[in-house]
Amino acid sequence: MLAPRALVLRAPGTNCDHETARAFELAGGLARRVHIRALVARPAALDDVQIVCIPGGFSYGDDIASGRIFALELRVRLADALHRFRDRGGLILGICNGFQVLLQTGLLAAGAGGEPIASLAHNDSGRFIDRWVPLVAQPGPCVFLRGIGQLELPVAHGEGRFVTGSGAALASLDAAGVLALRYDTDRDATANPNGSQADVAGACDETGRVFGLMPHPERFVDATQHPAWHGRLDPSVAGAGLTMFRNAVAHVA
Amino acid sequence: MLWEVDVHPKHAAADHGARALVAGAADIGVAGCTQARSSTGWLIEGDLTAADIEKVATAVLTDPVTESFVAAPLGAAALAVTPPGLPTVVRVLPRAGVTDPAAETARAACALVGPRPVAVRSVRTFWLPPLPEADVRRLAWSLLASEAIHDVVVGPLVLETLGSGRTWTYRQEAVVLDGLDDAALDRLSRDRCLALTVPELHAVRDHFRSLGRAPGEIELETIAQTWSEHCCHKTLTSAVDHEGPAGRISYDNLLKETVFAATRSIRHGLGSRDWCVSVFRDNSGVVRFDGDHDICIKVETHNHPSAIEPYGGAATGLGGVIRDVLGTGLGARPIANLDVFCVGPPDTPAADLPPGVIPPRRLLAGVVAGVRDYGNRMGIPTIAGAVAFDPGYLGNPLVFCGTVGIMPRDTAAAEVRRGDLVVVAGGRTGRDGIHGATFSSIELSSDSERASGGAVQIGHAINEKTLADFVLEASRRGLFHAITDCGAGGLSSAVGEMGAALGAEVQLDRVPLKYAGLSATEVWISEAQERMVLAVAPADWEALAEVAADEGVEVTAIGSFTGTGRLVLRWEDRVAGELDCTFLHDGRPRRRLRSRHVPPAPVPVAWREPWPMTGVVLLDLLAAPDVASKEWIIRQYDHEVQGASAVKPLLGPGAGPADGTVIRGALGRERGIVLGVGLRHTLGTLDPWQMAAGAIVEAICNVVAAGADPDRIALLDNFCWGDVKREESLGTLVEACRACHDVALAFAAPFVSGKDSLNNVFAWTDRDGVARERSIPPTLLATALGQVDDVARTVTPAFTAAGQWLAIVGRTTADLAGSQLERLGVVRGGRVPAVDLGACRTQVRAVAAAAAARVVASCHDISDGGLVVAAAEMAIGGRLGCRLRLADVPADLAGTPAAARALAVGCSESPGRFLCAVPADAVDAFAATMDGTTWAWVGEVTTEPVVQIEGFDGAVESLPVERLAAAWRGAAREPATAAGSDRASTAGPSGGAR
């Protein structure tokens, strides 16, 4: 049987595409990095893959807002193709900038009319932060988080504060069980790095096949990527982030 | 039609621009600015209807969840509504012609939903309480805008059009040199910002006299760029007659006979095992890495632009060194950045600042933001660095940026071929940075901010990111023969260098412009960022253009490398300039300089009495600016992107400091790259040889402490000096060069690249009207590029387990001049800590052997603040404690009062020492690796998180690690001027997400 295939979609300014592709390959998949120009020219490329991933970066510079232009391009040029891809069972993962993109495309946390009801705003601190955070998953329907409870991953973003337009919107997302990954403020009171509502670090859609998160699972696929591995972790073992990629590959295999 | 769209945060709490402004106002002492609001706006010009603008505002410019907008024709009443109690309106917008990355992005994005505007400019608006006009101006210019790049409008904005320049009409100006006396030549050089000396102008005059004509402006500019200190290191490569402590000595070429000579001798000694590939030749130094790859490294300075516009100066400094790596050989992939800043003391009172000088805290925040926004957007981890504070850097800060790259093995040799096209790729050319190369060779003054604004460039990181993606793909496909970056001197330097042997013809009117109106000379010397020049075979042009189109990069063939040995510049059908390459590259008259170094008279040691407790001093040392945690900086940098980091700058459960940082060369491979820096700035004025030697030893110790192989350490030099026209000042530079030579040889660690920035002098008029000037302290930044077989064998400072034994390696002396202890005022004078090359080499090899034998659990090099600071940092990182017995430390304490012995031993900065934690079952094996070295057991790691220091009298001082960590982190505050730190981007203060 052919290994499951992942398409790592990049745009000008995407910069985590290589390590994200490698994470899918470590998990047993095949990954190809594809520029959005190429996908716009041939949307049928989606028919050849089972997983689409939008990796981290500063797409189009993020000069207006994070992920804005990338999301707009997807909405204007690839909306139908992506919806068809999801509806036929494909998995969509957005990491960091990719999460910001997914929220603005309406593929995640959309209102009745498909409009975004949640957003990732500037961090409370007003600035970019790179640090490791404790996380806790409540996987619910989320394919990517299956079997995951607590874990640690790095965040690296300036705009990662999860906010909804209203208390009601937050309550409805919570009730739907899609706020599947949270900063674990029970373990560490300073775990929430950006002021996200309800400590939300990641969210899926109701099918569980579309998932976005601010932390970077592809940055913890080797133990040596952890900042305190010396004398504490076996350098030859896999990092906890790899599980998300393994889950995805196993699901479509 | 000119429209304005203002985007407002829905909730005041999310108005970061206003929050930073209010905090900054308090910081600079403007009373009454207790609340404010801000918006991000866009001026959009073009054939757009109200419906088009509505669509753009909704779909492109506004987040429907968190923001609202007002869109109307510029000047409409709807835009003039002020929030209650905030009637003062301040508008900040980039000056015409200044790069405005967000506006460029917005313009392109508009085309996704409607007609493409003719022009877009970003504008930030701030609403303030009623305030005196002087306060409003001060707030604006201190916190919101930079004179070099912004316009500030208080009140309504009146504009007819955003303007796009008028076409330049060709004309050529001859510059008559014949008949000018030396004074007039000197004046001409200054007036035209050429930075050419009188003897150089004589050579130019004589050359053109032999041609029977006067030089054209564009020719004279080309010569000035090519002969600039920045481009050809004319001082360091001069002949020098030196008189120093070692007697009289004459050099025909200072650099060649010191730094280069050491490298040549080391390579010769290695013979067939030589692992240098390309040194001091290309844009960066290249060495062997593994069977498939070579690696390269370069460190650059961007001091003068950063003094004027810290954010843009630092960002473009980093952008430039990234392009150096990208432009090495047939192109290298940038995989790590480093940054080092030297600034004035953070607590310098405003009254002590010379006019025109940006306060050090704000300057530091600005350069950090510049590196952050550029490096993070490029997706290159910033993994190493340092910050040093000294009053000598007040008007003339130092900003060092470095990049490491990796390339396929044996692609370092690149050669332009006759007939190759001259291809310019990347950003368009504008008036940015005209005279950067010559400006960096002229001293700064308090007027620089106004006079040289044109020399400041603004970076556009995403243009460089796409350029890098294009270059690496074109390189993979073998579509060019040679490549170099457009840095200082712009096309004139890049094409001139590439065509130095063959000659070239360039059609300047073909260079794509940001806006019309540039003259031929401006096109030729513009330092607009994010451009590279490639030599491309005509047969490959089509394929190259296709790769460029796929990556969204503009490429233009602007001429060819001809083989005539002449550089011919054309504008349409006219010859705008023509130069003989031999004269251009070899016609500069060599100078013979004199230098002198007389060591300053020794100052006797004086201790402040009563002697403070060592523990009290330790808390002060940890809080000292040079020592204190740089976490607020490090965490703003993405130091983990690309997924290769194995030793991070902050590590262990307590996030303590690292010595060397380590990344894998390639994902999935074991072999690692170790990066370390050394800087002994406090010794520069005391003893330049020891300053330089100490810096290099520190850099080497940093990488060895992390596990680097001592037989594979490459070094880089970055000399930053004051006014080297003075014999005494040049003398200290010669001493530093001599130190580089001696240390490199002693460690068999070759220098592979380097850079100098001379004439770092700040001139101003003080309050009494007296003209004054100040040179920076002589400063050598040493960078060590190490390698480790397997990243799993790396070592870090953080303690890993209680019960381990602590060993100090190396002898401690009581020489405390220039130490942090002296900076605290506890002691004054004495000798500077001296490098004993033989002992240092033995210690470095012993520690490397212990690490290779895996008998060291953690290791920290002992530097600023000495042994007690090293132990405290290891405890902070590991969240464990330790006991330290100072009387057991091997030390020379002759002449030290008994009561001062603990301070001397605990805080000495004798170079080349390490503190190692050794598992109890490995102590014998460790001792065996130390054979022949000065070392001793001095304590152990404890479970209880307390650092216990046992003095010479047996008394024990106990300091909880939590308290030490608080002191270490306490001073690590960021200045509250963030609104100013991100001025170049209107998008908001944090610079997006990754």
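## Where the chains meet

In this predicted model, 62 residues of chain B and 60 residues of chain A take part in the contact. Two residues touch when their C-beta atoms, placed from the backbone, lie within 7 Å. On the chain B side, α3(B) gives the most, with five residues. Elements giving two or more residues there include α1 (16-27), α12 (360-378) and α15 (461-476) of chain B. Helices are DSSP runs of H or I, at least four residues long; strands are runs of E, at least two; both are numbered from the N terminus.

By class, this side of chain B holds 30 nonpolar, 21 polar and eleven charged residues. Ala, Val, Leu, Ile, Met, Phe, Trp, Tyr, Cys and Pro count as nonpolar; Asp, Glu, Lys and Arg as charged; the others, Gly among them, as polar.

## Helix α2 of chain B

Helix α2 spans residues 50-61, and its buried residues are B:Ile53, B:Val56, B:Ala57, B:Val60 and B:Leu61. They lie on the same side of α2(B), because their arc around the axis is only 110°. That arc is taken from the directions from the helix axis to the C-beta atoms. A buried residue has 20 or more other C-beta atoms within 10 Å of its own.

These residues pack against α3 (68-87) of chain A, and also against β1 (2-9), β2 (37-45), β3 (67-73) and α3 (101-110) of chain B.

## Chain B as a whole

Chain B has 30 helices and 44 strands. Of its 994 residues, 62% are buried. Its C-alpha trace spans about 85 × 75 × 65 Å along the principal axes.

## Reading the model

Residues are numbered from 1 along each chain as its sequence is written, while chains are lettered from A and ligands numbered from 1 in the order written. Local features need pLDDT of at least 70 and side-chain atom pairs count only at pLDDT 80 or more, but totals for chains, interfaces and linings use all residues.

Terms used. A residue is buried if 20 or more other C-beta atoms lie within 10 Å of its own, exposed if 12 or fewer, and partly exposed in between; C-beta atoms are placed from the backbone.
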